[in-house]
Amino acid sequence: MTTQTTQLDTRFALAKSIAQEAGAMALDYFNRRETLVIETKRDVQDVVSIADRNVEKLIRERVASMFPEDGFLGEEFGHTAGSSGYTWVVDPIDGTAPFVNGMPNWCVSIAVLHDDAPVIGVVEAPCDNEIYAAAKGKGAKLNGKPLTIDPSRTIQNAMTGIGANSYVTPERVGAIIIELLHGGGNFVRNGSGALMLAYVAAGRLVGYYEPYMHAWDCLAGYCLISEAGGWYHTFPTQGDGLTKGAPVVAAGPGARADLEKLAGLV
Ligand code: IPD
Ligand code: CA
Ligand code: CA
């Protein structure tokens, strides 16, 4: 085994075990969510609580104790640069709006970047007892079962995930839905972009498009989708790009052309 492989393997094992521990902590908060104080961030739809912060703290502590030289970017506490060439990119709870409203569509999303590309993607969905896990060159799995995207699925014969937030105008979001429906497709939005990207890897959705999301929302899903045989639009992870938003687009092979068109990439 080369040193590079060992480095990836040890981080992959850690990412999966942290995701499960973090998922259990988040589920405990979810089960007593009426005790949480809900705060708002950019707007009243953008919510956060102590659950998001403490889950991220736990993940940071676990990573720092094993890989103190790795970089770390989390949604709640920002970016700490590293020196190892690996950077962990984490959304402690993606789908906080469903979480605080008592719906099961939320997850813990953990990605690891190497050479600016996601080489590990783990999405833990505690309410479903599901863990999606992928590492570069090792395939993607759902609860240990290998995932391969079916190329015969298209926007017409399957469902497409669409996301929206207040960074994007209602007119733009409306135009995306109109174009998708005119193309013979239909849309799903469950409130967790990271989980919908994992659904693309699992073949539950054929693609995902959200005009503006952050690295912590999409990089784990991107690794999962790529390892399951799908395509994603590269997220600009170099320099400042890592902490800024960008379009998030991914699809199975049968829907790639339509999603690229929908996102205005071609
Ligand atoms: C949000 C969710 C949502 C997406 C937003 C994200 P959060 O993340 O992924 O589905 O539409 O753009 O910000 O706030 O639940 O971590
Ligand atoms: Ca998020
Ligand atoms: Ca979040």
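Predicted model: local features only at pLDDT ≥ 70, side-chain atom pairs only at ≥ 80, totals over all residues.
**Aromatic contacts and a calcium pair**

Five aromatic pairs are found in the structure, a pair being two rings of Phe, Tyr or Trp (its six-membered ring) with centres within 6.5 Å. One of them joins F30 and W106, whose rings are tilted, with 5.4 Å from centre to centre and 50 degrees between the planes; planes under 30 degrees apart would count as stacked, and those over 60 as edge-to-face. F30 belongs to helix α1 (residues 3-31) and W106 to the loop between α3 (96-100) and β6 (107-114), so this pair ties together parts that are 76 residues apart in sequence. Helices (H or I, at least four residues) and strands (E, at least two) are DSSP runs, numbered from the N terminus. F30 and W106 are both buried, that is, under 20% relative accessible area, where over 50% would be exposed and values in between partly exposed (1.4 Å probe, protein chains only).

Residues are numbered from 1 along each chain as its sequence is written, chains are lettered from A and ligands numbered from 1 in the order in which they are written, and side-chain values use heavy atoms, with hydrogens and water left out.

Returning to the rings, F30, F99 and W106 are linked by ring pairs into a cluster. F30 also has the charged end of R33 over its ring, 4.4 Å from the centre. A charge is taken to sit over a ring if NZ of Lys or CZ of Arg is within 6 Å of the ring centre and within 35 degrees of the ring normal. Elsewhere, R11 lies over the face of Y86, 3.9 Å from the ring centre.

D94 lies in strand β5 (residues 86-94) and D217 in helix α6 (residues 215-227), so the pair ties together parts that are 123 residues apart in sequence. Both D94 and D217 are buried.

D91 also coordinates the calcium ion (ligand 3), which lies 3.7 Å from the calcium ion (ligand 2). The protein donors of the calcium ion (ligand 3) are E75 (OE), D91 (OD), D91 (OD) and I93 (O), at 2.2 to 3.0 Å. Their spacing along the chain is E-x15-D-x1-I, and D91 and I93 are both buried.

Technical notes
Donors = N, O, S within 2.8 Å, 3.2 Å for Na, K, Ca; no water.
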